[in-house]
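Me: I have a structure here that I'd like to go through. Can you take my questions as they come?

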Amino acid sequence: MIALQTQQATKPATTSTTTGATTSTTASGASFATALASAMGTQTGAAAASTAPAADKSYTLNSKGIPTELAAYGNGKIPASALEKVGSTGHKLWAPAAQNLNQMIADAKTQGVTIGITDSYRPYEEQVDLAKRKGLYSQGGLAAKPGTSEHGWGMATDLDLNSKAQAWMRENGEKYGFHENVPREPWHWAYRPKTS
């Protein structure tokens, strides 16, 4: 650990740009946590956002394909501490899904493709409301049965995609863990984490 502190203290100041925000790191202001994460082959914060794709950790899934750490909370009951914002939007997803989505949106932007977001994590109460307003998918509507929605796990997002963005997603989404898995909803993309 002392070697890491010494190594970090001797690094020159650097500047990096991530999704439009510029962050400066000086030798005296660099965090020990960042140096430790770097030495261990993991990254946090802006350093993590500059690699593609983010959140490469593997997860143990239950029989329904839900990460065991999420299954313990329950569908639509994910605590704020397990969620992360999607860019500067008001939307949130399970942290690994949000990290990958943020990276995917940034990478698409560098290729001239704009990916918007219209929906994300849905608490249980919102799932109930949506089912009342839009009807159940099993009955021709657009909502999953409350308590079963991928949105309730923070693992699905509804994207705002023009034809160019839809084609880009179909070609690249899987690289970031996102899959188009609802035939009648080309805007719905579910995140599938790597499994251990």
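Me: Which ring does the charged end of Arg-184 sit over?
Reply: The ring of Tyr-137, with the charged end of Arg-184 at 4.0 Å from the ring centre. Keep in mind that this is a predicted model.

Me: And what does the charged end of Lys-77 sit over?
Reply: The ring of Tyr-124, at 5.6 Å from its centre.

Me: OK, rings with rings now. How many aromatic pairs are there?
Reply: The count comes to four. Phe-178 and Tyr-191 form a tilted pair, because their ring centres are 5.3 Å apart and the planes meet at 50°. This pair links distant parts of the chain: Phe-178 belongs to strand 8 (residues 178-180) and Tyr-191 to strand 9, 13 residues apart.

Me: Is Phe-178 buried or exposed?
Reply: Phe-178 is buried, at 1% relative accessible area. Tyr-191 also counts as buried, with 2% relative accessibility. The cut-off for buried is under 20%.

Me: Which residues do the ring pairs link into a cluster?
Reply: Tyr-59, Trp-94, Phe-178 and Tyr-191.

Me: What is Leu-159 in contact with, apart from neighbours within four places in sequence?
Reply: Leu-101, Ile-115, Gly-116, Ile-117, Thr-118, Met-169, Trp-187 and Trp-189.

Me: Different topic. Where does Arg-122 lie?
Reply: In the loop between strand 6 (116-119) and helix 6 (124-134).

Me: Buried or exposed, that Arg-122?
Reply: Arg-122 counts as buried, because its relative accessibility is 9% and the limit is under 20%.

Me: Which side chain does Arg-122 join through a polar contact of 2.6 Å?
Reply: That of Asp-119. Leaving out neighbours within four places in sequence, Arg-122 is also in contact with Gly-76, Gln-127, Leu-130, Ser-149, His-151, Gly-152 and Asp-158.

Me: Where is His-151 found?
Reply: In the loop between helix 6 and strand 7 (156-160). His-151 is buried, with a relative accessible area of 3%.

Me: What does the side chain of His-151 make a polar contact with?
Reply: The side chain of Asp-158, at 3.2 Å. The His-151 side chain also reaches the backbone oxygen of Ala-156, at 3.2 Å. With neighbours within four places set aside, the residues in contact with His-151 include Asp-119, Ser-120, Tyr-121, Arg-122 and His-188.

Me: Back out to the whole protein. How many helices and strands?
Reply: Seven helices and ten strands. There are 196 residues, of which 38% count as buried.

Me: What about contacts between residues at least 6 apart in sequence: what percentage join residues at least 24 apart?
Reply: 60% of them.

Me: Last one: what does the accessible surface come to?
Reply: About 11,000 Å², with 53% of that belonging to carbon and sulfur atoms.

How values were computed
Residues are numbered from 1 along each chain as its sequence is written. This is a predicted model: local features need pLDDT of at least 70, side-chain atom pairs count only at pLDDT 80 or more; totals for chains, interfaces and linings use all residues. Side-chain values use heavy atoms; hydrogens and water are left out. Helices (H or I, at least four residues) and strands (E, at least two) are DSSP runs, numbered from the N terminus. Buried means under 20% relative accessible area, exposed over 50%, partly exposed in between (1.4 Å probe, protein chains only). Contact means heavy atoms within 4.5 Å. Accessible areas come from the Shrake-Rupley method with a 1.4 Å probe; for residues, only the protein chains shown count as cover. Rings of Phe, Tyr and Trp (its six-membered ring) pair if their centres lie within 6.5 Å; planes under 30 degrees apart count as stacked, over 60 as edge-to-face and the rest as tilted. A charge sits over a ring if NZ of Lys or CZ of Arg is within 6 Å of the ring centre and within 35 degrees of the ring normal. A polar contact is a pair of N or O atoms within 3.5 Å; within protein, one must be able to donate a hydrogen and the other to accept it, and residues adjacent in sequence count only if both atoms are side-chain atoms.
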